[in-house]
There are 2 protein chains.
Amino acid sequence: MIELTERQKFILTLVIHDYTRTALPVGSQVLVSRYNLDMSSATVRNEMAALTEYGLLRQPHTSAGRVPTEEGYRYFVSRLIRSSDLPDTTRRMISHQFYQMRHDVEQWVRLAASVLAYQSRAASLVTPPHPEKARLKHIELIATRGRQVLMVLVMIGGEVRQRILTLNEPVTQELLSQCADRLTQLFQGADLDEIRARAAQLNSLDEDVIGWVLQDMTQADSEIAGEVFLDGLTNVLAEPEFTGSEDARRALRILEERSLLQDIAARSVMSNSVGGIQVLIGGEGTWDELRPWSIVLGSYGTPGLATGTLGVLGPLRMSYGRAISTVRFLSTLLSDMVTETLLDEPTTQKGEDSL
Amino acid sequence: MIELTERQKFILTLVIHDYTRTALPVGSQVLVSRYNLDMSSATVRNEMAALTEYGLLRQPHTSAGRVPTEEGYRYFVSRLIRSSDLPDTTRRMISHQFYQMRHDVEQWVRLAASVLAYQSRAASLVTPPHPEKARLKHIELIATRGRQVLMVLVMIGGEVRQRILTLNEPVTQELLSQCADRLTQLFQGADLDEIRARAAQLNSLDEDVIGWVLQDMTQADSEIAGEVFLDGLTNVLAEPEFTGSEDARRALRILEERSLLQDIAARSVMSNSVGGIQVLIGGEGTWDELRPWSIVLGSYGTPGLATGTLGVLGPLRMSYGRAISTVRFLSTLLSDMVTETLLDEPTTQKGEDSL
DNA sequence: TTTAGCACTCGAAGGGTTAGAGTGCTAAAT
DNA sequence: ATTTAGCACTCTAACCCTTCGAGTGCTAAA
């Protein structure tokens with residue numbers, strides 16, 4: 001990557017700053033007068049020409065001002081950005097809100113999406129915390145009607161899965177409770193493989209049930225992000241570059257389908273990373289539908305226990321500083337939420353590493 | 001409401017049909033040639049003038065064709081519409097999909113939203129089935145860490161609520177299980193009031209827990225529609241009347257905030273109702289943000305047991321026939337889903353009407 | 001009661017002009 | 001060796017004007 005002079009960096013920063021605010025190509029004279037630069041517009045013009053040469057700026061047409069290129073944004077994000085933290089009062093306020101929601105995971109995930117969207121003025125997405133490898137904590141079986149039974153699976157980490165299953169023959173609640181207790185005793189703390197290995201010596205009812213447990217846990221393991229909570233879509237549709245264009249709808253379809261989101265969320269190694277936070281600019285050549293968008297992604301949680309993804313989606317000219325600092329703050333906050341309210345027995349208590 | 005001649009009804013129907021397809025004001029000559037009418041354009045003009053007089057059509061400007069007014073749509077929906085059922089193959093296909101999803105309520109609610117959006121070519125919304133009055137089926141308490149306990153509440157009807165609660169002092173899993181069993185025995189099938197009434201003779205742990213149960217059930221009762229599942233937003237944003245206008249964003253904000261949706265879903269008595277299905281045209285004077293929108297709403301489930309709402313949101317010129325028939329079909333289908341897979345003990349087994 | 005004929009209206013579309021913001025280049029100034 | 005003033009040039013956005021044509025309402029004949 002080309003080394004710029006200090007002044008060039010300064011001017012690039014100003015152009016990006018101005019363009020993010022106005023969405024209008026920025027000219028040399030405007031820049032000088034708006035920011036009281038003590039150089040002439042001609043000097044700025046020369047520097048801009050250099051930056052254009054380097055591929056960091058471009059002109060929409062000959063007699064227009066400059067606009068940052070994707071490369072320009074990338075340079076800015078990776079080398080120039082000075083992301084200030086959120087103000088202390090704001091942080092305290094947000095923390096307080098989360099504290100009040102601490103009892104319900106879904107609620108605080110939703111809150112996270114809402115805060116993220118509001119603070120970054122863009123669309124936000126948050127996935128609930130999800131263990132990399134589901135470990136069983138508790139099985140519950142509840143008779144409903146005839147051969148149908150509601151199975152509730154509580155995983156270590158707090159995730160709860162429920163499913164209605166149909167047994168071969170009707171069973172009383174009492175038998176079901178005993179079965180659930182037995183299986184809970186037997187498989188507490190076990191992951192998919194361990195259950196599968198130890199599932200030999202079982203009577204028929206237990207076997208029947210554990211089959212469903214395995215199925216559900218397989219599903220849990222394969223889900224990277226079961227549900228994705230979105231918020232702030234209107235923030236992004238309000239941006240001038242998307243009003244009335246095809247792009248806005250395409251982007252919305254992306255968010256609606258969610259498969260691409262999972263794809264992206266799954267891909268943790270990305271081009272530009274700032275302190276654990278990934279910045280995806282203009283689809284990075286891979287996701288064509290995202291060409292007019294940027295995504296700031298973070299993750300939260302504890303790798304061994306449960307992790308989730310959170311991010312901000314906005315136009316190319318989004319405020320990266322604000323987005324990054326918000327994502328960073330919420331990332332640590334949500335990590336705290338996971339460890340504070342969902343932490344369970346230490347994982348060393350179970351498993352093969354019990355030395 | 002004014003009585004129209006058969007020919008006027010016919011022409012109104014044609015205008016609405018054509019406008020629904022093209023989104024362009026429809027003129028007399030176009031109408032005659034496009035539908036091979038055996039009358040002259042002048043005759044059509046006269047009838048159109050009459051319909052305009054009655055307030056069922058209007059002209060965007062003097063020398064333009066006619067466009068249906070909200071009143072026009074209302075007349076059409078309440079007196080003229082002939083909503084054909086979905087084709088048999090389609091119905092079977094959809095039913096089959098639902099059958100495969102029958103184990104997971106969230107999944108089939110999501111599927112319903114998806115099918116509804118696809119079939120009606122508009123945005124759709126579906127709320128999960130929700131009992132009008134929560135009745136307890138089962139309490140489960142699971143120790144997590146220290147004084148924190150995961151409480152899982154299973155309601156009759158299949159709804160499951162979970163919450164982390166903090167007790168006054170640490171309690172073993174065994175004690176918790178006993179407590180849960182005791183409370184389940186004592187309050188099974190009881191609603192909020194009954195629990196409150198019978199909650200006198202309890203020891204301290206039970207009392208502590210039952211307080212949280214009451215809180216959760218109160219919350220369950222007050223929720224009309226906890227979550228609203230949306231789909232097909234892009235269908236609606238693609239409509240020409242919304243490209244680039246403020247309206248689209250306003251509408252999206254409505255859907256995002258969901259409070260208005262609950263408001264609407266809660267208000268079951270509406271102006272135009274066709275076979276249990278409510279049609280809300282242009283906000284009906286009450287919801288200003290919805291002026292450029294129409295909503296076709298239905299409900300499903302069994303009033304005593306659990307009910308939900310489903311609906312379609314589209315532009316004023318949406319295809320009401322298609323929307324209504326889709327909503328109607330899904331309404332019965334989802335009702336079946338509720339009774340088939342979630343039905344519990346008959347409600348007469350419990351309560352004051354046990355004669 | 002229907003229809004042919006006609007004058008009239010008004011928005012959409014096309015074309016031409018203008019204004020001004022912005023550029024790059026050159027030559028003078030620092 | 002930079003920086004800056006000056007200037008010719010470019011190109012879009014905005015405006016105005018005209019034209020075109022679809023659609024109307026009215027009148028009079030069928």
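**Inside the core**

Guide: Let's start with Ala112(B), which touches Val126(B), Leu310(B), Leu330(B) and Leu334(B), leaving out residues up to four places away in sequence. Touching, or contact, puts the two C-beta atoms, placed from the backbone, within 7 Å. This is a predicted model, where local features need pLDDT of at least 70, side-chain atom pairs count only at pLDDT 80 or more, and totals for chains, interfaces and linings use all residues. Residues are numbered from 1 along each chain as its sequence is written, with chains lettered from A and ligands numbered from 1 in the order in which they are written.

Visitor: OK, and which residues touch the most other members of the largest nonpolar core?
Guide: Ala112 and Val296 of chains A and B, in a core of 132 residues. A nonpolar core joins buried Ala, Val, Leu, Ile, Met, Phe, Trp, Tyr and Cys through C-beta atoms within 7 Å; buried takes 20 or more other C-beta atoms within 10 Å of a residue's own.

Visitor: Switching topic: what's the strand order in the open sheet of chain A?
Guide: S4-S5-S6, paired antiparallel. Pairing takes at least two DSSP bridges between strands, and strands are DSSP runs (E, at least two residues) numbered from the N terminus.

Visitor: How many bridges join S4(A) to S5(A)?
Guide: Eight. In one of them, Ile139(A) partners Leu153(A) of S5(A).

Visitor: And how many residues does each chain give to the contact?
Guide: Chain A gives 29 and chain B gives 30. On chain A's side, S4(A) has the largest share, six residues.

Conventions
Buried ≥ 20, exposed ≤ 12 C-beta atoms within 10 Å, placed from the backbone. Helix = DSSP H or I, 4+ residues; strand = E, 2+ residues; numbered from the N terminus.
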